[in-house]
Amino acid sequence: MSTATTTETTPAPAVEKIKVKVDGREIEVPKTMPDPISGKPIPTTMIQACAQSNVDVPHYCYHPKLPVVGNCRMCLVEYGTPALGPDRKPVMNADGTPKIAKSPRPAIACATPVSPGMEIYTNTPGVKQMREGVLEFLLINHPLDCPICDQAGECKLQEYSVDYGQSSSRFVEPKVHKPKAVDLGPRIVLDDERCILCTRCIRFSKDIVGDDALGIVNRGSYNTLTAYPGKVFDNNYTLNTVDICPVGALTSKDFRFKMRVWFLKETKSVCTSCATGCNIIIGSREEKIYRYEPRQNDAVNSCWMCDSGRLNYKWVGREDRLTDVRRPVEPGKSEKTTWNAAINEISRKLKSTASGSVAIVASARQTNEELWLLSKLKSKLGALSDSIPRTGEGDKLLVNADRNPNTNGARLTGICFTEMGSNLPQIAAGISSGKIKTLIVFGEDVTRHGIGLDLLGKLDTLIVSDILPNGTTRLAHYLLPGCAHAEKRGTFTNAKGRVQKFMKAVEPPGDSRAEWEFLHDLVFNVTGQDGFLTIEGLFNEMAKDVPAFKGLTWAGLGDGGATVQI
Amino acid sequence: MAQEYKLILKYADEPGYTPDAECYLRHGGYEPLKKAMAMKPKDLPDGKKILPQEQIREDVKISGLRGRGGAGFSCGLKWSFVDRKSGKPIYLICNADESEPGTFKDRQIMYKDPHQLIEGMIIACYANDVHLAYIYIRGEMADGAKILNRALAEARSKNFLGKNILGSGYDLEIHVHRGAGAYICGEETGLIESLEGKRPYPRIKPPYFPAVLGLWMCPTIVNNVETLCNVKHIVAMSGAEFAKLGTPNNTGTRIVSLSGHVKKPGYYEIEVGKATIGELINDPKFGGGLRDGRKLKAVIPGGSSAKVFKAGEKFKLKKKGADGQMTEQEVDMLDLPYDFDSLIAAGSMSGSSAIIVMDDTTDIVEALANIAVFYAHESCGQCTPCREGSLWMSKALDRLTHGEGRATDADYLVKIADNIPGGRTICAFGEACSWPVQSFVGKFKDEFVARGKADEERRARENVQPIAATPPERHELAAAH
């Protein structure tokens, strides 16, 4: 569970700056930057200086979050440093500028530190020729099976071939053949012929996950990536290797051969499988989700996400999704109705309830906005409210023991207290004693949390909104089909207090509607509160009302979110 | 006249000389170590003291000793790069992974006179404040590892090694580590990785310069067997005396491995630069000339990775005259003094001092194909140009030597080779695999072209499809069926 402290980090101590030139343009870069693994300051490299100068240096093995190995040689650049005379003093040109001694040998931009006055040349004929040479070497033994390769469309070999490739090959020798469709583990398939031996996957598994599962065997051009003999590549982060594989060597069993990537619509979203709130990209086409991929956010998940979160999307498209709005006709029987009819009926009923006779069980899988709207109902009706904790085992990397994506949102909006679930016995007792006559349940199956069928049977009114059928939805008097996060917009507050927004990737099925939309109508009918017909307006209204969110705006959250005091 | 000069191999081949400690001691062994251990701090006029260790390091610098492994880098300078302020232990590794084709000098020392190496190592370790050192020996030299371990045990029992060596208070342990038969383990950072139990992938430099971030990320010195033996002699005779051996900037002696088409292949120790390539091949004291009736065709002067010299090749070398003036002289390949600098000036290198002689019976295309197979087999495969280029060149040469050549293959080979060296790779293997191709094809191009042309003519006669640069078009395949 999260701790009640802020996660705003103290600003790093000022780092000495040095001036370098990238392709003739002077830029000031910090002398050191944090090591991707240890965080300790290490000399800034050429590729980092180029990135800060918005100059793209092509690369395969380099990854900003992994240790540098410098094996692909694609990032070779030419460079020069201020010339020193015999007296070790800089030699000056006639115009007073320092004379630059160009290095006779190129350097790999990923590993070579910058030094004051250094000039980096990334677009000379020599550099272009080296890139062409490296690319040719990478392609000679590559199967060139782009038409049936899952990586096609997001492949670095393809991308750099456009820039540095030849239209025809001069290679006439037989290609090296290596294992195909190797079953590395439950989620990963390896095509060794496509592998360019950059070792990103090896370094990720060893240095980020701590699972030294992958390695290279054989020598030279016969080098082959493999899992250690008898070892199955099966940690909770294996699918990240598919993301960082610059080519089509590592593919996801879940995604391979399902969809050409260029047809996928990419939607920025947030993973809902735990309180970490990893930033993701949802890949969808024609209202069907095909994959989740991590989206870089250094304040949350770096470039990674866990396999369990990544594969937890199939429920969104389940056949048994709740799609009908239902209202009661006689005890034990309900009928399909319209949103207007149901919301108006519910509104009338709620307005006529006695204070304290309503209880609300919301879900910490709902958005901040939805929980806030429910909290408005709660105060108007004098209702008891709570939410249901959901816990599992956490790990050192990303997985939080709190499996709810918005526990902090439920707390900050006042739906539950620090100890989530502590009100549930009281609610159960209230129903049992007859004091509570109306129960509003959002996204939870209360029958599994101490409010059994017998208690639900005692209620006058049971209003339930959910996405999939469960014990509670089956007893609902009013059933309001809601939306998965991928079908709506909103924000979550993660374990560290980071408020992050997510966007809509696919349309909801049937009549189901985003909860915040119909909750808005309900809240307006019951309390008269208005003014937030759009998600932007709703968020901004909430930010004005909830102390912790003060100062936030929907637009200001950006793609990466903002951290609040929790 | 050129003479053999036996410094390192002074006793090794004497009748009755054995690799045990008693024999070594009878021949004055471990006296230089005793001398080193007895050295006193030297007082300077300004009151500062120079420790014995610093004195030895200075003497090695004065000696001008250059590394005998291949690169010929100044040993004293290498030692001066060692980070002595890190607080981490400093390691010394003897590189005994002698694998360059044509080279068989270190083997002589280790098998016949192991204590000389051990003594050189102990002194080098003492001079560099090293307390743990390794001998990384080529896996194929199984007997060598046994001999060295036996010698180390003897040295320990005589207190030349272990705790409080000769009562000096200095401790040192040396372990023998056997490689598993990979050429790349002779590359110093590949060797270090291997010693750490990993794949011998050479490290990128920067940042992993062994002198700063070597074995277990600690400062590390890696020296060749012969280099370390020389340290013993420098202490015995003084750096200034050692520097009188050989020629300026090319001091001391070198053991030359001479192989190929000469009457007397073998190893010969000479003062560096005091014999020419021609003398080493033809002088009765050395190779004794080519086989009767043969003419010289080519010489690889420094192990198979060195660029080949063609018989009759002439070089313009700058020479410093007695008056200090630089003059340019034309020198025939055979008249090149066998030293570090002349061979570099002539566009090749003395490398591991292995001379491979080829007479006019040599099929130069086959010779290069043979070399290329070796480098394709030994590329570690870590970085792209060497991994892919070494096998590509080997496959092309295999084709050319098996009747599938093309007249254009000479250019084809050089174009591949040109994309490998010059800083494009992590280690010098890129040069090692491409220099032979560049130089063989460059200097004997007509033979490569003729070989390819002959194949083309044969294919034309036999009406066989030419080798296509791209696979046949789909409609062509359809027509064939």
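These notebook entries record what I looked up in a predicted model with chains A and B.

**Entry 1: Chain A as a whole**

I began with the overall dimensions of chain A. Its C-alpha trace spans about 95 × 55 × 40 Å along the principal axes. I then looked up burial: 47% of the 566 residues of chain A count as buried. Among the contacts in chain A with a separation of 6 or more, 66% are between residues 24 or more positions apart.

**Entry 2: Where chain A touches chain B**

I next turned to the interface. Here 29 residues of chain A are in contact with 32 residues of chain B.

**Entry 3: One face of a helix in chain A**

I examined helix α14 of chain A, which covers residues 535-545. Its buried residues are A:Ile535, A:Leu538, A:Phe539, A:Met542 and A:Ala543. Why do I describe the buried residues of α14(A) as lining one face? Seen down the helix axis, they fall within an arc of 135°, so they line one face of α14(A). As background, I recalled that an α-helix has 3.6 residues a turn, so residues three or four places apart point the same way. I also recorded what the buried residues of α14(A) pack against: α8 (368-381), β24 (490-493), α13 (515-527) and α15 (554-557) of chain A.

**Entry 4: An exposed phenylalanine**

I looked up A:Phe257, which has its place in the loop between β13 (250-252) and β14 (265-270) of chain A. Is A:Phe257 buried or exposed? It is exposed, because 9 other C-beta atoms lie within 10 Å and the cut-off for exposed is 12 or fewer. I also checked its position relative to A:Arg200, 57 residues away along the chain: the two C-alpha atoms are separated by 23 Å.

**Entry 5: The largest nonpolar core**

The largest nonpolar core has 285 residues, and I asked which of them touch the most other members. They are B:Ile93 and B:Met121. Helix α14 of chain B, residues 364-378, gives the largest share of this core, with 10 residues. I then followed the contacts of B:Met121. Leaving out residues up to four places away in sequence, B:Met121 touches B:Leu92, B:Cys94, B:Ala133, B:Ile174 and B:Leu228.

**Entry 6: A helix pair in chain B**

I stayed with α14(B) and looked at its packing with helix α15 of chain B, residues 384-400. The two axes are 8 Å apart, and the angle is about 150°. The crossing of α14(B) past α15(B) is left-handed. From α14(B), the residues making the contact include B:Val365, B:Leu368, B:Ala372 and B:Tyr375. From α15(B), they include B:Ser390, B:Leu391, B:Met393 and B:Asp398. By class, I noted 11 nonpolar, 2 polar and 1 charged residues in the contact of α14(B) with α15(B).

**Entry 7: Backbone exceptions in chain B**

Before this search I recalled that most residues other than glycine have a negative phi, and most peptide bonds are trans. I found a cis peptide bond between B:Lys205 and B:Pro206, with omega about 5°. Another cis peptide bond joins B:Pro206 and B:Pro207, and its omega is about 0°. B:Pro206 is in the loop between α8 (188-195) and α9 (210-213) of chain B, and B:Pro207 is also in the loop between α8 and α9.

I then turned to positive phi values. B:Tyr30 has a phi near 65° and lies in the loop between α1 (21-26) and α2 (31-38) of chain B. B:Tyr30 counts as buried because it has 22 C-beta neighbours inside 10 Å. B:Leu166 has a phi near 50° and is found in the loop between α7 (142-157) and β5 (173-178) of chain B. With 16 other C-beta atoms within 10 Å, B:Leu166 is partly exposed.

**Entry 8: A loop alanine in chain B**

Lastly I looked up B:Ala311, in the loop between β12 (309-310) and β13 (314-320) of chain B. B:Ala311 counts as partly exposed because it has 16 C-beta neighbours inside 10 Å. Apart from its neighbours within four places in sequence, B:Ala311 is in contact with B:Leu296, B:Lys297, B:Ala298 and B:Met333. I also noted B:Leu334, 23 residues away along the chain, whose C-alpha atom is separated from that of B:Ala311 by 7.8 Å.

Note on methods:
Residues numbered from 1 in each chain as written. Chains lettered and ligands numbered in written order. Predicted model: local features only at pLDDT ≥ 70, side-chain atom pairs only at ≥ 80, totals over all residues. Contact = placed C-beta atoms within 7 Å. Buried ≥ 20, exposed ≤ 12 C-beta atoms within 10 Å, placed from the backbone. Helix = DSSP H or I, 4+ residues; strand = E, 2+ residues; numbered from the N terminus. Arc of directions from axis to C-beta. Core = buried A, V, L, I, M, F, W, Y, C linked by C-beta atoms within 7 Å. Axes fitted to C-alpha atoms, helices over the stretch in contact; angles between N-to-C directions. Left-handed = near helix turned anticlockwise from the far one by under 90°. Nonpolar A, V, L, I, M, F, W, Y, C, P; charged D, E, K, R; others polar.
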